[in-house]
Amino acid sequence: KSITVTEGAKPTGLPVTQPSTIGGKGKIETTTSHEYNTDGGTTFTPCTGALDNLTAGTYHVRVKANGTELASETETYTITAFTATQETQPTATFTATGPNSGTLSNLVNGGEYAVTGAATANFTASGTTHDLNGVSAGVLSIVKKGNGTTTTDSTAQTITVTKATTPTGVTAVGCTSSSNNDGKLENVTNLMEYQKSGAAGWTGCGGTEVINLTPGTYLVRVKATGTVLASDSQTVTINAYSSLPSEGTP
């Protein structure tokens, strides 16, 4: 009696799903008629259906032996690890607005950013600008964060930030009449700004002196400009008018 022995068909063309996210897994559409190994050896593991949740690597698949049908030749399938795209390096600009603050511009609306170095901040850009506080002289490092699924963090953009020198030579001239409105700040420049203590904002000095000031404590600093932070403030006092004679006057 003769027995006809055949060989299973090599399992070519099985659908393969490659990973599509960082750390994602792949899939080979095997069935219960298949078996596989990962080392190319002679020991195979039966498939219970599709091979899924597969890490990157090589998978050797064949049709199982069945009755008088020999196992097929092995077909090799490769699962390739997902390659993420790196976010584009930012091209932000920094404009100082105070002694420890500034604004980043030219951001991507909705982008996730991490700023470290002179200041530390993690934020989602709402629009194309973002205000930073706690900035000091040094280097700002700006990274556009990856989304964690298909993109990775960008390389860092760096911006050098400096700080203006605190003025020391500003002098105050007290009021000379009972109107108490002719006080002065002298030895200032148009690069400086002043603020009466407790005021909400700052006013540019505009020249070499500021006139028509009322008595009180004044803060004077060098303005912020570009990547240069405003200086710390020099404090001076404009005295109120006094009609009392000076000591030694009869």
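Biologist: Is Cys-175 buried or exposed?

Modeller: This is a predicted model, and every value I quote is computed from it. A residue counts as buried when its relative accessible area is under 20%. Cys-175 has 8% relative accessibility, and therefore it counts as buried. Cys-47, at 3%, is buried as well.

Biologist: How many disulfides does a search of the whole structure find?

Modeller: A disulfide is a covalent bond between the sulfur atoms of two cysteines. The search of the whole structure finds zero. For Cys-175, the nearest cysteine sulfur belongs to Cys-205 and is 17 Å away.

Biologist: Which side chain meets Asp-232 in a salt bridge?

Modeller: That partner is Lys-163, with an N to O distance of 2.8 Å. The two residues are 69 apart in the chain: Asp-232 belongs to the loop between strand 25 and strand 26, whereas Lys-163 is in strand 18. Asp-232 is partly exposed at 40%, and Lys-163 is partly exposed at 33%. A further salt bridge is formed by Lys-145 and Asp-153, at 2.9 Å from N to O. Lys-145 is partly exposed at 31%, as is Asp-153 at 30%.

Biologist: Where is Ser-72 found, and which backbone nitrogen lies 2.8 Å from a polar atom of its side chain?

Modeller: Ser-72 sits in the loop between strand 8 and strand 9. With a relative accessible area of 5%, Ser-72 is buried. The backbone nitrogen in question is that of Val-63. Beyond its neighbours within four places in sequence, Ser-72 is in contact with several residues, including Glu-7, Pro-11 and Arg-62.

Biologist: Finally, which residues make the nonpolar surface patch?

Modeller: Ile-3, Val-5 and Leu-70 make a nonpolar patch of about 300 Å². Ile-3 lies in the segment before strand 1. Its relative accessible area is 62%, so Ile-3 is classed as exposed.

Methods. Residues numbered from 1 in each chain as written. Predicted model: local features only at pLDDT ≥ 70, side-chain atom pairs only at ≥ 80, totals over all residues. Heavy atoms only, no water. Helix = DSSP H or I, 4+ residues; strand = E, 2+ residues; numbered from the N terminus. Buried < 20%, exposed > 50% of the residue type's maximum accessible area, 1.4 Å probe, protein only. Polar contact = N/O pair within 3.5 Å; in protein donor to acceptor, adjacent residues only side chain to side chain. Contact = heavy atoms within 4.5 Å. Disulfide = S-S within 2.5 Å. Patch = residues over 30% accessible without salt bridge, like charges linked within 9 Å, V, L, I, M, F, W, Y side chains within 5 Å. Areas by Shrake-Rupley, 256 points an atom, 1.4 Å probe, with all protein chains shown as cover. Salt bridge = Lys/Arg side-chain N within 4 Å of Asp/Glu carboxyl O.
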